[in-house]
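Take a look at the structure below.

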Amino acid sequence: MAHEPASAEWQRVEEWIADHGDYLYRFACSRLNGDRETALDLVQETLLAAWKAHHQYQGSSSLRTWLTGILKHKIIDHMRARSRMEKLADDVSNDPASDWFGTDGHWHESPKTWSASPEALSENRDFDNILKACMDKLPPLQAQVFFFREMDGDSSEDICKNLSISPSNFHVLMHRARLSLRHCLELHWFGQQRKNS
Amino acid sequence: MYTCKQASRIASDALDRKLTWYEWLNLKLHLAICAMCRNFEQNIHLLASTVKKPDDTAAVTLSADDREQLRKNIQSILENK
Ligand SMILES: [Zn+2]
């Protein structure tokens with residue numbers, strides 16, 4: 001393989017960019033809070049890693065699935081480096097619970113019933129935009145943990161291992177992500193719907 | 001007896017791990033008397049069922065410049081390997 005003419009090697013990567021470039025880029029953007037510059041870097045790293053390993057590709061999964069798997073590892077590596085740098089400072093050490101609860105542990109603002117079906121919400125473009133905007137406001141590590149868990153359905157154990165965080169940190173991050181998202185959606189969607197009905 | 005802060009944490013944990021018997025019981029006891037936390041629980045369950053994988057039709061695509069940059073970078077790396 002190493003002696004393949006450079007043009008043939010190049011053509012392979014060129015095809016990957018054409019067929020899967022947008023998909024990989026979109027996937028990376030959705031996991032990086034829309035940080036397009038980093039997304040592009042990681043797509044590039046993914047294509048290079050895939051090219052180096054292409055003789056290992058068995059064809060048992062689709063090419064796209066295989067490339068996405070490599071990209072996911074690149075995203076995890078990126079987040080891991082970042083979480084080491086931040087030492088979870090923003091995400092775990094501070095206790096933003098005071099944003100939601102008083103010192104006695106009571107809600108500052110009472111959660112209200114959300115009357116809507118998941119099916120109707122999933123098909124609603126406006127809701128989708130609000131949800132995305134709310135997710136963009138999450139701190140990076142919280143967003144990452146939430147995406148892996150809720151979008152990809154990864155197990156808690158896998159997420160802890162891949163991001164090198166403890167189970168208790170994982171649960172703190174999930175709790176905070178849900179508190180923030182719930183609040184944001186109440187403010188910008190469900191509260192508005194109630195007013196209009 | 002759990003406070004709302006504790007109950008909301010356990011209700012969140014319940015989506016990601018199996019609760020101990022003690023946690024489960026205390027959560028149920030709290031929810032029985034607290035409509036606010038019942039609403040919180042309902043909200044985060046609805047949240048979980050509406051969050052999906054990004055779909056293929058989403059508007060984010062590589063711009064022509066991005067594509068060009070990607071091509072150039074990879075080509076130069078492959079040529080210099
Ligand atoms: Zn409560």
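Which kind of contact do the side chains of D152(A) and K72(A) meet in? They form a salt bridge, with 3.3 Å from N to O. Keep in mind that this is a predicted model. Two interfaces follow: one inside chain A, between domain 1 and domain 2, and one between chain A and chain B.

**The two domains of chain A**

- Domain 1 of chain A covers residues 6-85 in the domain assignment. Domain 2 of chain A is made of two stretches, 94-103 and 113-196.
- The centres of domain 1 and domain 2 of chain A, taken over C-alpha atoms, lie 26 Å apart.

**Where the domains touch**

- Domain 1 of chain A puts ten residues in contact with 16 residues of domain 2 of chain A.
- About 1,200 Å² is buried between these two domains of chain A. Carbon and sulfur atoms give 52% of that area.
- Three residues stand out on the domain 1 side: R31(A), N33(A) and M79(A). They supply 48% of the area that domain 1 of chain A buries against domain 2, more than any other three residues.

**Links between the domains**

- Three salt bridges are counted between domain 1 and domain 2 of chain A.
- Two residue pairs are in polar contact across this domain interface.
- On the domain 1 side, α1 (6-31) and α3 (63-86) of chain A each give two or more residues. α3(A) gives the most, with seven residues.
- By class, that side has three nonpolar, three polar and four charged residues.

**Where chain A touches chain B**

- Here 61 residues of chain A are in contact with 44 residues of chain B.
- The buried area between chain A and chain B is about 4,800 Å². Carbon and sulfur atoms give 63% of it.

**Links between the chains**

- Four salt bridges are counted between chain A and chain B.
- E14(A) and R71(B) meet through their side chains in a salt bridge, at 2.5 Å from N to O.
- There are 18 residue pairs in polar contact between chain A and chain B.
- Several helices of chain A supply at least two residues each to the side that touches chain B, including α1, α2 (36-52) and α9 (167-196). α1(A) gives the most, with 14 residues.
- By class, this side of chain A has 32 nonpolar, 13 polar and 16 charged residues.

Terms used: Residues are numbered from 1 along each chain as its sequence is written. Chains are lettered from A and ligands numbered from 1 in the order in which they are written. This is a predicted model: local features need pLDDT of at least 70, side-chain atom pairs count only at pLDDT 80 or more; totals for chains, interfaces and linings use all residues. Side-chain values use heavy atoms; hydrogens and water are left out. Domain bounds come from an automatic or database domain assignment. Contact means heavy atoms within 4.5 Å. Buried area is the accessible area (1.4 Å probe) that two parts lose on being put together, summed over both. A polar contact is a pair of N or O atoms within 3.5 Å; within protein, one must be able to donate a hydrogen and the other to accept it, and residues adjacent in sequence count only if both atoms are side-chain atoms. Helices (H or I, at least four residues) and strands (E, at least two) are DSSP runs, numbered from the N terminus. Ala, Val, Leu, Ile, Met, Phe, Trp, Tyr, Cys and Pro count as nonpolar, Asp, Glu, Lys and Arg as charged, and the others, Gly among them, as polar.
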